[in-house]
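Hi,

Here is the structure I promised to pass on. Have a look at it first, and my notes follow below.

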Amino acid sequence: MTPGGGSGPMKDCEYSQISTHSSSSPMESPHKKKKSVPKRKWEVFPGRNKFFCNGRIMMARQTGVFYLTLVLILVTSGLFFAFDCPYLSEKITPAIPAIGGILFFFVMGTLLRTSFSDPGVLPRATPDEAADLERQIGNTEDIANGSSSGGYRPPPRTKEVIINGQTVKLKYCFTCKIFRPPRASHCSLCDNCVERFDHHCPWVGNCVGKRNYRFFYMFILSLSFLTVFIFAFVITHVILRSQQTGFLNALKDSPASVLEAVVCFFSVWSIVGLSGFHTYLISSNQTTNEDIKGSWSNKRGKENYNPYSYGNIFTNCCAALCGPLSPSLIDRRGFIQPDTPQLAGPSNGITMYGATQSQSNMAAATPLLQSEPSITSEELPLPGKTSISGPCATLTLGQPTPPSSMPNLTSDTGLTDMIPLKEEHEGHQFLTPEEAPSPPGVLPSGSPITHSHTMHVLSLASQDSLHEDSVRGLVKLSSV
């Protein structure tokens, strides 16, 4: 209103819809935004793994020992084919290099298949699934109230299931936020829960689990045959040459044979022993993890037995080596959907989860007041009568509708006196409990009037009722 009582131009209340899914300012024009290229799941995989060939190859991060394994196999086999096989094929039979070649390619194929495949990684729980599980086990309320200190973890929680008459405990994984299925375990090196976890093998550069155990067993078994094969025929080569020129001259004529014999001699014992140990595990349908822990040992009681054994060695071997190969559960080459919830990072030792998709949409649709109408100080109304310039523009569809009744305010109190502005470098402002509006009856009567102040209030947390009430109160006051 003008001092003379005439009606002047009136500023409309401007509303804008803030998107919580992008970090750009609300006033940024849409055509300046670049279209983001969708990422594949392996690019944001939470475990400590390496991926190659666009996610087709999956390995552990510690691959130094794996390269040592490759060098030892390639160098030893290469020297054997280059220096020993020509003499042996001429003096004995050409089948020697042929058999050696078959063993070599089988060893390399099973090694690469074990190292480059998914061992059976279990996907981690989404925020909604983890929050629901936390509510079920009664820990969410404690975390929400702040009763758990930073870095504190509740005692391990377990569930019990019965498998073939044997009670099996399912342990809760604090990292993956899931109850691990039977025989699964969390690998500390790869930071993944692996189904039917056997062990983490640095020689193959990967975990050994449900999906690659058969290839691991065939690798060490074929490597045992190849090592024994090379060692035996290297000694045969040296003996045949020593019969013609003497032992020392035979060593001088073929120094590569000496190197092969030394490498094979010191490695054959461990490789053959490892093959025998895993043959025992397969025949009893156990894993290395279960055997080391003594999960099914008779020492724990007469009634303790392995519920996974079929009671027959042949059946156990067929189940481990010839059974169907389960598909990968992590879909590492799949694309990330825009609405796929992601795990939030831990804070103070407690994993906190972000708002769900529906909560984010509610926060994005909350209208925020950007400007207020100007208030003149020359017109002083009578006490108990509200005097604010004309009403705001008509609210658009989807905006909150103000109520019909409002408390009275004195004319010498401005909206900016109720909620002080707090400017930041980034332009984002939030209302703290100290900045919340006071009741109308306790407002000071002698406050100066501020002309045409622009208020910028940014997105409020959907679960913060105090902030949401502050914004609604401001909209109500502006509409009177």
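Which two side chains meet in a salt bridge at 2.9 Å, N to O? They are those of Arg-183 and Glu-290, where a salt bridge is a side-chain nitrogen of Lys or Arg within 4 Å of a carboxyl oxygen of Asp or Glu. This pair links distant parts of the chain, 107 residues apart: Arg-183 is in the loop between S6 and S7, and Glu-290 is in helix H8 (residues 288-293).

Before I go on, some ground rules. This is a predicted model, in which local features need pLDDT of at least 70 and side-chain atom pairs count only at pLDDT 80 or more, while totals for chains, interfaces and linings use all residues. Residues are numbered from 1 along each chain as its sequence is written, and side-chain values use heavy atoms, with hydrogens and water left out.

**Overall picture**

The protein has 12 helices and 13 strands; these are DSSP runs numbered from the N terminus, with helices being H or I of at least four residues and strands being E of at least two. Of its 480 residues, 38% count as buried. Buried means under 20% relative accessible area, exposed means over 50%, and partly exposed is in between (1.4 Å probe, protein chains only). Among contacts between residues at least 6 apart in sequence, 68% join residues at least 24 apart, a contact being heavy atoms within 4.5 Å. The protein exposes about 27600 Å², with carbon and sulfur atoms supplying 60% of it; accessible areas come from the Shrake-Rupley method with a 1.4 Å probe, and for residues only the protein chains shown count as cover.

**Salt bridges**

Back to Arg-183 for a moment. Arg-183 counts as buried because its relative accessible area is 15%, and Glu-290 is buried too, at 7%. Leaving out residues up to four places away in sequence, Arg-183 touches Arg-196, Phe-197, Asn-285, Gln-286, Thr-287, Glu-290 and Tyr-308.

A search of the whole structure gives eight salt bridges. One of them is between Asp-331 and Lys-41, at 3.5 Å, N to O. Here too the pair links distant parts of the chain, 290 residues apart: Asp-331 is in the loop between helix H9 (313-321) and strand S11 (346-347), and Lys-41 is in the loop between strand S1 (15-17) and strand S2 (49-52). Asp-331 is partly exposed, with a relative accessible area of 43%, and Lys-41 is partly exposed at 32%.

Arg-157 forms a salt bridge with Glu-134, with the closest N and O atoms 3.7 Å apart. Arg-157 counts as buried at 15% relative accessibility, as does Glu-134 at 6%. Glu-134, Arg-157 and Lys-177 are linked in a network of salt bridges.

**Nonpolar cores**

The largest nonpolar core has 33 residues, and those with the most contacts inside it are Ile-73, Phe-80, Leu-111 and Phe-219. By nonpolar core I mean a set of buried Ala, Val, Leu, Ile, Met, Phe, Trp, Tyr and Cys residues joined through side-chain atoms within 4.5 Å. Strand S3 (57-60), H1, helix H2 (95-115), H5 and H7 each supply at least two residues of this core, and the largest share, 10 residues, comes from H5. Not counting residues up to four places away in sequence, Ile-73 touches Phe-104, Val-107, Met-108, Leu-111, Phe-219 and Leu-223. Apart from this core lies another, of eight residues, among them Leu-122, Ala-130, Ile-178 and Cys-193.

**Helices and surface**

How far apart are the end C-alpha atoms of H5? They are 48 Å apart, which agrees with the 48 Å that the 33 residues of H5 (residues 213-245) should span at 1.5 Å a residue; the expected span is 1.5 Å times one less than the number of residues. Just after H5, Gly-246 takes a positive phi of about 100°.

Tyr-67 sits in helix H1 (residues 64-91) and is partly exposed, at 43% relative accessible area. Tyr-67 and Trp-203 are 136 residues apart in sequence but 8.2 Å apart in space, C-alpha to C-alpha.

Phe-265, in helix H7 (residues 255-284), is partly exposed at 38% relative accessible area.

Cheers
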